[in-house]
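Colleague: I would like to learn how to read the features of a model, one at a time. Please give me the general idea and then the case at hand.

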Amino acid sequence: MSDFTDISKHYRHSAELQKSAGEQLFGMTVINRTDDVLDLGCGPGHLTAAVRKLTEGRVIGIDPSKGMIEKAEAAYPDQRISFLIGDAEHLDMADAVDVIFCNSTLQWFRDMNSAIANCCRALRSGGRMAVQAPARHRYCPNFVHAAESLLQDDSTRTTFQHFRSPWIFFDTAEEYAEVFERVGFRVLSSEIREVSMMCPPEKVMEMFDTGAAAAYLNPECYDCTFPEDYIANARRVIVQDFARQAGEDNLVNLLFSRIYLIAQKP
Ligand SMILES: C[S@@+](CC[C@H](N)C(=O)[O-])C[C@H]1O[C@@H](n2cnc3c(N)ncnc32)[C@H](O)[C@@H]1O
């Protein structure tokens with residue numbers, strides 16, 4: 001099984017995609033010296049710790065995965081960061097923070113409207129929310145192709161037909177902006193950027209394991225029970241597909257679409 005508690009065991013070292021995108025978002029986010037900041041979907045806390053260095057205000061990291069929060073607490077015990085288990089849908093804060101930083105997490109919100117409305121309520125007037133996440137339904141054609149190959153293999157076809165995607169994706173930056181505007185935000189910028197990198201198939205599988213696997217290999221995202229050997233078979237089929245995607249140089253041209261959005265509470 002792959003969920004974020006499982007993934008937390010190796011996330012820090014393999015999550016290069018989220019890390020480089022997170023660094024870009026970091027560069028776009030204004031954090032003032034006294035700002036109170038919430039890192040929503042903080043994972044193992046490395047970006048929360050980077051936020052800590054920029055402000056003397058309160059810094060909070062929230063994540064629904066117990067494993068991620070335990071990792072974060074163990075990694076940054078002395079840095080005056082409150083790491084809490086929780087999720088965006090149950091965020092119970094009002095006029096409490098100046099900045100919400102949210103990297104590689106938006107796609108996991110189960111109820112995007114109420115989650116973003118909660119974020120708007122949590123911010124003080126003039127507060128900013130900075131978001132980066134995979135975007136477009138074919139957010140990564142390589143991962144989508146590998147998942148679709150589960151429908152071609154006899155050992156995985158029947159079970160994968162029961163996969164129900166938990167993700168919310170939009171195909172345009174305007175659609176992302178609309179969701180934020182609908183709950184009262186003013187959107188300062190919203191842009192989908194295309195990223196590409198050349199990677200050996202094993203590295204592609206590592207990146208798959210830091211995020212996509214938490215849906216494609218998670219029984220909670222299927223409306224049937226898994227046969228005992230499903231995860232092993234699915235991993236084999238996906239590994240084979242990434243190997244087939246590689247060129248003669250044994251490198252895969254890995255493509256990603258990502259939304260970068262900055263919104264302000266009036
Ligand atoms: C790909 S990780 C990103 C972690 C970190 N922000 C980073 O950039 O490395 C996605 C995180 O979102 C968290 N998450 C999933 N659903 C969430 C929700 N509804 N509200 C808040 N966080 C959520 C997961 O537990 C996971 O730690």
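**Reading the model**

Modeller: Let's start with Ser104, which counts as buried at 11% relative accessibility (buried is under 20% relative accessible area, exposed is over 50%, and partly exposed lies in between, with a 1.4 Å probe and protein chains only). This is a predicted model, where local features need pLDDT of at least 70 and side-chain atom pairs count only at pLDDT 80 or more, while totals for chains, interfaces and linings use all residues. Residues are numbered from 1 along each chain as its sequence is written, and side-chain values use heavy atoms, with hydrogens and water left out.

Colleague: How many salt bridges does the structure hold?

Modeller: Side chains of opposite charge can pair when their charged atoms come close. The structure holds 16 salt bridges (a side-chain nitrogen of Lys or Arg within 4 Å of a carboxyl oxygen of Asp or Glu). One of them joins Glu70 and Lys66 at 3.1 Å, N to O. Glu70 and Lys66 are separated by about one helical turn because they are four residues apart in helix 5 (residues 66-75). Lys66 is exposed at 51%, while Glu70 is partly exposed at 43%.

Colleague: How far apart in helix 10 are Glu206 and Lys203?

Modeller: Glu206 and Lys203 are three residues apart in helix 10 (residues 201-209), about one turn. Their side chains meet in a salt bridge at 3.3 Å, N to O. Glu206 is partly exposed at 36%, and so is Lys203 at 22%.

Colleague: What do Arg138 and Glu148 tie together?

Modeller: The side chains of Arg138 and Glu148 form a salt bridge of 3.4 Å, N to O. Arg138 is in the loop between strand 5 (123-134) and helix 7 (141-148), and Glu148 is in helix 7, so the pair ties together parts that are 10 residues apart in sequence. Arg138 is partly exposed at 45%, as is Glu148 at 37%. There is also a network of salt bridges linking Asp36, Asp98 and Arg124.

Colleague: Which residues form the negative surface patch?

Modeller: The negative surface patch is made of Asp171, Glu174, Glu175, Glu178 and Glu181. Residues in such a patch have over 30% relative accessible area and no salt bridge, with like charges joined within 9 Å and nonpolar side chains (Val, Leu, Ile, Met, Phe, Trp, Tyr) within 5 Å. Glu181 belongs to helix 9 (residues 173-182) and is partly exposed at 43%.

Colleague: How many helices and strands are there in the protein chain?

Modeller: The protein chain has 12 helices and seven strands. Its radius of gyration is 19 Å, close to the 18 Å that the globule rule gives for 266 residues, so the chain is as compact as a globular protein of that length (the radius is taken over C-alpha atoms, and the rule is 2.2 Å times the number of residues to the power 0.38). Buried residues make up 54% of the 266 residues.

Notes: Areas by Shrake-Rupley, 256 points an atom, 1.4 Å probe, with all protein chains shown as cover. Lys, Arg positive; Asp, Glu negative; His and termini not counted. Charge placed at Lys NZ, Arg CZ, Asp CG, Glu CD. Helix = DSSP H or I, 4+ residues; strand = E, 2+ residues; numbered from the N terminus.
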